[in-house]
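Subject: Structure for you to look at

Hello,

Here is the structure I said I would pass on. Please open it first, then read the notes below with it on the screen.

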Amino acid sequence: MILDTQDLSKRAASAIEEADQFAQRHLAPNAAQWGQGLFDRRALFEPAGAAGLLGLQVPHEFGGLGLSFGDKVKVLHKLAQSDFSAAMALVNSHNVAAQLVKASPHELAPRYVSHLMRGSIVACTALTEPGAGSDLGQLQTTAIRQGDGWLLNGSKTWIINAAHADGVVVYAQTQAGSGVKGIAAFFVLADSPGFERVEVVTNSALSSMGIGGFRLTNVYCDSSHLLYQPGKAFVDIMGAINRARTYVAAMCCAMVTQALNDVSVYGHKRTAFGQSLDQYQGWRWQIAQAATALQAGELLVRDACERIDKGDEVQTAAAQAKLYATSMAQTQLGSLLHAMGAEGFLDRYAFLRHLTAAHTASLADGSTAMLLERVANDYRFKPGAT
Ligand SMILES: Cc1cc2nc3c(=O)[nH]c(=O)nc-3n(C[C@H](O)[C@H](O)[C@H](O)COP(=O)(O)OP(=O)(O)OC[C@H]3O[C@@H](n4cnc5c(N)ncnc54)[C@H](O)[C@@H]3O)c2cc1C
């Protein structure tokens, strides 16, 4: 249903077609190897750029496709069916290109956006620190005025693409004790003196996202690389997080869609006790449960996408979509894996990678606890609200 192709613009239809071909050519055959470090993850970006996948929401005048949010989600859904982690890596770099256009159309966008869209450089967004995850007000990375620029010090961790990024959007505190109001955002180049990568050693689904960290020691950032002033950075990131929650929810639906496709094909050809698995009611009911849960997830995603494209309030809708879709994927991918028997553990299927990915999805862009708080806040002063 997310991939409902009615009312698609020509541009969106061709982007979805490109995504499909890219997924078949580059993602499906290589995804298992990336996680094991047997394939250069950066090798993904240039072919993705050539397919237009790194400029989905970058406006036309900057060479992008200028798609709506809902259409971008359809493209991501296609990619995530093959490999959630690769889709996350690509969209995170894409988002920085779109952000540079929005925040610095005359200065930073002309310098970096065409390279980001081609995939010749890669970027990421860094909020999380060793001591601050859910509680962003606790960020310890500092930005202190120095001459015409800023001096940055601190550490970031659990950042998608940080293992290989050339440019990083760093969120840093400009005024101790001021909480989120003092946070500003900077575009920092990874070859700046004082920038040092820190490896995050983890399992395959995460390593194929290029998860990593870095330390900043007196990294100088000139004022043209200040993306958002103190105060504005937090407002911007909250908007971005609502959009990310929505597409992560869609990508969780995509993983379940793919699993259902694989299970249906396998259940038809695999026989046991004289008939195919899909002839057994007990086996079919697992599939029916998954298909029903998937449809509910897709409806929540669709609602959030429509709100975003209309410019409506989306905080609660995005939180609900991600809450439901991540937990639906965690449950249903496990159950669909079981329905495959041992076959489901083979590398040529995505079940195991995607099961891990569904668990990581419940932390990235706001953990389940944070989303529940978001939804609860909406209901706090409305007894009887339905
Ligand atoms: C796959 C993946 C990709 C990521 N990509 C990025 C990225 O690109 N950029 C980036 O900046 N960060 C990224 N992160 C980090 C992510 O944003 C954090 O993991 C997330 O914000 C949670 O922070 P934490 O892991 O430090 O957990 P903590 O904040 O330490 O929380 C630990 C546990 O306690 C719970 N908890 C926290 N506070 C409360 C509360 N008030 N009430 C009840 N329970 C609570 C949480 O839900 C969680 O279950 C990524 C993480 C993952 C797993």
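**What was found**

F273 sits in the loop that joins β9 (271-272) to β10 (275-276). Bear in mind throughout that this is a predicted model. Is F273 buried or exposed? F273 is exposed, because its relative accessible area is 83%, and the cut-off for exposed is over 50%. The backbone at F273 is also worth a look: phi is positive, at about 55 degrees, although F273 is not a glycine.

A positive phi turns up at N218 too, where the value is near 50 degrees and the residue is again something other than glycine. N218 belongs to strand β7 (residues 212-222). With 46% relative accessibility, N218 counts as partly exposed.

**The chain as a whole**

The protein chain has 12 helices and 10 strands. Its radius of gyration is 21 Å, which agrees with the value near 21 Å that a compact globule of 386 residues would have. Along the principal axes, the C-alpha atoms fill a box of roughly 80 × 55 × 40 Å.

Of the 386 residues, 52% count as buried. The accessible surface comes to about 17000 Å², and carbon and sulfur atoms account for 52% of that surface.

How many of the contacts between residues at least 6 apart in sequence join residues at least 24 apart? The share is 74%.

**The nonpolar cores**

In soluble globular proteins, nonpolar side chains tend to be buried together. In this model, the largest nonpolar core has 80 residues. The residues with the most contacts inside this core are L53, L79, F84, Y247 and L336. Which helix gives the most to this core? Helix α8 (residues 232-269) does, with 15 residues. Apart from this core lies another one of 27 residues, and its members include V58, L136, A233 and I241.

Leaving out neighbours within four places in sequence, Y247 is in contact with F69, K72, V73, L76, M88, V91, N92 and N95.

L53 lies in the loop between α3 and α4 (69-82). L53 is buried, because its relative accessible area is 3%, and buried means under 20%. Not counting residues up to four places away in sequence, L53 touches A15, A19, F22, A48, V75, L79 and H94. From L53 to A87 the separation is 34 residues in sequence and 9.9 Å in space, C-alpha to C-alpha.

G49 is in helix α3 (residues 45-50). G49 is buried, with a relative accessible area of 14%. What does G49 touch, once residues up to four places away in sequence are set aside? The residues are L54, M117 and R118. G49 and S114 are 65 residues apart in sequence, and their C-alpha atoms are 9.7 Å apart.

L323 is found in helix α10 (residues 315-339). At 16% relative accessibility, L323 also counts as buried. Its contacts, not counting residues up to four places away in sequence, are T368, L371, L372 and V375. T368 is 45 residues from L323 in sequence and 6.2 Å from L323 in space, C-alpha to C-alpha.

A163 is placed in the loop between β3 (149-159) and β4 (167-173). Its relative accessible area is 33%, so A163 is partly exposed. Apart from residues up to four places away in sequence, A163 touches R41, R197, G210, I211 and G212. A163 and A109 are 54 residues apart in sequence and 23 Å apart in space, C-alpha to C-alpha.

A simple way to start is to find L53 and Y247, which are among the residues with the most contacts inside the largest nonpolar core. After that, turn to F273, which is exposed.

Regards

Key. Residues numbered from 1 in each chain as written. Predicted model: local features only at pLDDT ≥ 70, side-chain atom pairs only at ≥ 80, totals over all residues. Heavy atoms only, no water. Helix = DSSP H or I, 4+ residues; strand = E, 2+ residues; numbered from the N terminus. Rg over C-alpha atoms; globule rule 2.2 N^0.38 Å. Buried < 20%, exposed > 50% of the residue type's maximum accessible area, 1.4 Å probe, protein only. Contact = heavy atoms within 4.5 Å. Areas by Shrake-Rupley, 256 points an atom, 1.4 Å probe, with all protein chains shown as cover. Core = buried A, V, L, I, M, F, W, Y, C linked by side-chain atoms within 4.5 Å.
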